[in-house]
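Me: Please take a close look at a single part of this model, and the loop after it. Give the cut-offs as you go.

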Amino acid sequence: MRRAPTILHLDMDAFYAAAEQAAKPSLRGKPVVVGGIGPRGVVSTASYEARVFGVRSAMPTAQARRLCPNAAYLTPRFTLYRQVSDRVMELLHELSPLVEPLSLDEAFVDLEAGGVAADTRSARAVGERLRRDIREQTGLTGSVGLAGAKMLAKIASEQAKPDGLVVIEPGTEREMLGPMTVRTLPGVGPATAEALRRAGIHTVAETAEAGEAELVRLLGRAHGAGLYAMALGRDERPVVAERDAKSISVEDTFDVDLTDRTRVRAELTRLADRCVQRLRAAGRSGRTVVIKVRNYDFSTLTRSETLRGPTDDPGVVREAVARLLDLVDTTGGVRLLGVGVTGLADFTQEDLFAQLATEKAAQEEAERERRAVDEAVREAAGEPEPEPERPRRWLPGLDVNHDEYGAGWVQGSGVGRVTVRFEQPWSAPGRVRTFPVGDPALRPGEPLPLVGGPPDAPGAPAAQSSAPATRPNSVSAGAASEPGTGSGAGMSSR
């Protein structure tokens, strides 16, 4: 434990939903839900306006629609979220070389490693500057917690939400933690909480009073001893700059159960390619290929195959996935498929796959020759180049461009029509227009920057936030209140 609150935890506020509100002026101050929009979709993030109605992350989208039917339900745009996340992480690395990302929107920072003086005033000043820089450079808000340990810094940032800063002064940990529910402590899930409840333990203070021996008896040596230390506010875990991933995986849930074996095989092949893309983006290779199959009755099977050496070759992974699928019965229907690679390494053993690589090169050469012949025939006949492939569906929230009206986003689609709202992050709320889904003037677009638009553009200022304006910017542990839920502003008309 440190004697000064020099461990910082940053958590962006309702990150995906806030980014969508910043990008779409017509949604600011209104309930927004980002996640899977199909009947089996799951909520990734809900804006504070949607949380007023009880919508929460990991909730089935169907349940969220019943609770808040007038919210805007949008498909995630991870390209945009990664762009914003990269800028936030750059700001964190300017504070210290020790930054431990936990996700796109959350990270720990060791301020002492960055040369910040070990006192409360200096740490608070850095936290306030970070919040200001994030708002100015991304248009979004983040909540900051400062404490002498990682666990406490994370609890402080949760207390600071939304758009605030909370400092837990060393020496006040037990007083602050005592009244909180035991679920506040890391590692206490439903099963552990139920075991403690049966023993009459409900709060952190009661956990500390129970003593280490009793907790070990209830939960086992490792879990019990660790929980007792945390209940006392002790957490010696350091901020680790690099977290070594143990596996890389992707999965998809389908709106309708897949019963066609050919379709199942095609989906697994597509997932294998996505998994390899992520593998290569991380500069890694893997030795063990795993498939995950969840059946219609929610039973889940996994099958794995260990290769002779690590690879990042999509052909090798596809072949392994196909062999593994032969071991699984899918006749009853499949609701989820996944492909993963474990046993990660920083190198590949190309010689083990030389034959496959040669075959792949020959196939690519044949494909290039075929395209060259097709192009020559098309030019001789005076035919135009084929139109780029259009998406099968115009999903709500995705970016589009229209030859006449410019940039906008899909508000909805159905019965052969697609409705688009034309607006930009720096503009006023835009107008809505409807087109046939096959309109040649309408094309998929790329996310626009949330800040830095045309200086003469009308509309809202660069920094956008859905957080309540009355929230105090920063408080100490003694004044920390329960996490806010935002204001229930007017709902969008959908």
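Reply: Of the 494 residues of the protein chain, 45% count as buried, where buried means under 20% relative accessible area, exposed over 50% and partly exposed in between, with a 1.4 Å probe and protein chains only. The model is predicted, so local features need pLDDT of at least 70 and side-chain atom pairs count only at pLDDT 80 or more, while totals for chains, interfaces and linings use all residues. Residues are numbered from 1 along each chain as its sequence is written, and side-chain values use heavy atoms, with hydrogens and water left out.

The protein chain has 14 helices and 18 strands; these are DSSP runs numbered from the N terminus, H or I of at least four residues for helices and E of at least two for strands. Contact means heavy atoms within 4.5 Å. Of the contacts in the protein chain with a separation of 6 or more, 65% are between residues 24 or more positions apart.

The part examined here is helix α11, residues 221-231. Its buried residues are G224, L227, Y228, M230 and A231. They sit on the same side of α11, because they cover an arc of only 165° around the axis, the arc being that of the directions from the helix axis to the C-beta atoms. R221 and A222 are exposed, on the face of α11 turned away from the buried side. The buried residues pack against α6 (150-160), α7 (173-177), α8 (190-198), α9 (204-210) and α10.

Helix α10 (residues 212-219) packs on α11 at an angle of about 140°, with the axes 7 Å apart. α10 is therefore oblique to α11: angles under 35 degrees count as roughly parallel, over 145 as roughly antiparallel, 65 to 115 as roughly perpendicular and the rest as oblique. On the α10 side, E212, L215, V216 and L219 take part; they meet R221, H223, G224, A225, L227 and Y228 of α11. By class, the residues of this contact are 6 nonpolar, 2 polar and 2 charged, with Ala, Val, Leu, Ile, Met, Phe, Trp, Tyr, Cys and Pro counted as nonpolar, Asp, Glu, Lys and Arg as charged, and the others, Gly among them, as polar.

After α11 comes G233, with a positive phi near 85°. The loop between α11 and β9 (247-258) holds V239, which counts as buried because its relative accessibility is 6%. Beyond neighbours within four places in sequence, V239 is in contact with I7, L98, V99, E100, F108, V109, D110 and K150. The C-alpha atoms of V239 and E100 are separated by 6.0 Å, although the two residues are 139 residues apart along the chain.

Definitions and conventions
Axes are lines fitted to C-alpha atoms, for helices over the stretch in contact, and angles run from 0 to 180 degrees between N-to-C directions.
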